[in-house]
Amino acid sequence: MNKNKKDVKVETKKGSIDEWPEPIVRVQSLAESNLSSLPDRYIKPASQRPTTTEDAPASTNIPIIDLEGLFSEEGSSDDVIMARISEACREWGFFQVVNHGVRPELMDAARESWREFFHLPVHAKESYSNSPRTYEGYGSRLGVEKGAILDWSDYYYLHLLPPPLKDFNKWPSFPPNIREVIDEYGKELVKLSGRIMRVLSSNLGLKEDKFQDAFGGENIGACLRVNYYPKCPRPELALGLSPHSDPGGMTILLPDDQVFGLQVRKDDTWITVKPHPHAFIVNIGDQIQILSNSTYKSVEHRVIVNSEKERVSLAFFYNPKSDIPIQPLQELVSNHNPPLYPPMTFDQYRLFIRTQGPRGKSHVESHVSPR
Ligand code: OGA
Ligand code: NI
């Protein structure tokens, strides 16, 4: 193979890059090779390591909100639930939901099918290997900067919506029922997202379909990123996923029920999320922060790893139609409250994270309108 050719990053017309800058190493293979030390590529600079000293007290947690009653016809407790969601979106950007309407058996089946998939030997997964052009498939890095310090995780990324992007051939075929399970899981999460979107709109005094309409109505995008965090020989030096905010609209995360790992930034501390059984973790992404003109916050988060247990999580992303400009809603801006962000399509916006990788809140912060 022509080595020089491999070293050249190919910029396509859309600005994305077709190849990884260097050979991909599966974190699973490293973890299974009984390393006594952590390879340099995964050692974070001291200032980025997951120290425990500046962490919040272990009892602190993100809000847990019971959605029971919210979606039923009568629902007398609506106002209280709506107010709690409103506060969570403004103050935390993150909350857990229980009684969300998705069957617990389906949640477990989805996570455990993916666990089985990741337990396949690495060579059995290489045929699904992804590229930075679409990210679809089996991957082990985010961003294409040559020589970057990497995160301690592998993942699988696939599209659920819009229908033309949903391609079963790009989904795993093992374990045998995984495609059906993912399909049903995806449909349930699209429904749940639609309901939460209505609450987010109403809570800003907008008509309940406002956010959905701004996202392109029926033509929204939805994708799934399944994260596999193997055991790490030196968890105090590495991160499973570096600090980032999610570039899309809204994320619904199914965490591992056994293993903590997700940390959410609250002011200057990192709070370790304690997952409630069969809850989902919901968070605001950059596109909703933009539409709401920053009333709702897309909050930075990261994942820590450990040396005892692997961790599997399913991040479902609910996104605007990818080619319509997203900007603060007219109803929410005025002379006193000018739009903070210029219009940009999600196709354009997501190139920040796809090329630069996770970088805290720098993508949305650098996207502000000139003053
Ligand atoms: C993500 C993410 C958190 C987790 O995939 O964007 O933040 O707990 N995942 O795996
Ligand atoms: Ni995230």
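Me: How far is a polar side-chain atom of Asp246 from an oxygen atom of ligand 1?
Reply: This is a predicted model: local features need pLDDT of at least 70, side-chain atom pairs count only at pLDDT 80 or more, and totals for chains, interfaces and linings use all residues. Residues are numbered from 1 along each chain as its sequence is written, chains are lettered from A and ligands numbered from 1 in the order in which they are written, and side-chain values use heavy atoms, leaving out hydrogens and water. A polar contact here is a pair of N or O atoms within 3.5 Å. For Asp246 and ligand 1, the distance is 3.2 Å.

Me: What is the distance from an oxygen atom of ligand 1 to an N or O atom in the side chain of Tyr229?
Reply: His301 also has a side-chain N or O atom by an oxygen of ligand 1, at 3.0 Å. For the side chain of Tyr229, the value is 2.7 Å.

Me: How much of ligand 1 does the protein bury?
Reply: Accessible areas come from the Shrake-Rupley method with a 1.4 Å probe. Taken alone, ligand 1 exposes 290 Å². The protein buries 97%.

Me: Which strand supplies the largest share of the shell around ligand 1?
Reply: The ligand has 14 residues around it, each with a heavy atom within 4 Å. Strands are DSSP runs of E, at least two residues long, and helices are runs of H or I, at least four long, numbered from the N terminus. Strands β5, β6, β11 and β12 each supply at least two shell residues. The largest share, 4 residues, comes from β12.

Me: Which residue in the hairpin of β8 and β9 takes a positive phi?
Reply: Strands pair if DSSP finds at least two bridges between them. Strands β8 (262-266) and β9 (269-272) pair in the antiparallel sense over 4 bridges, and Arg265 stands opposite Trp270 in β9. The hairpin has 2 residues between its strands. The phi near 55° belongs to Asp267.

Me: Where is Pro162 found?
Reply: Most peptide bonds are trans. The bond joining Leu161 and Pro162 is cis, with omega about 0°. Pro162 has its place in the loop between β4 (154-161) and α6 (178-202).

Me: What is the phi of Tyr135?
Reply: Most residues other than glycine have a negative phi. Tyr135 is in the loop between α5 (122-125) and β3 (137-139). Its phi is positive, near 70°.

How values were computed. Polar contact = N/O pair within 3.5 Å; in protein donor to acceptor, adjacent residues only side chain to side chain.
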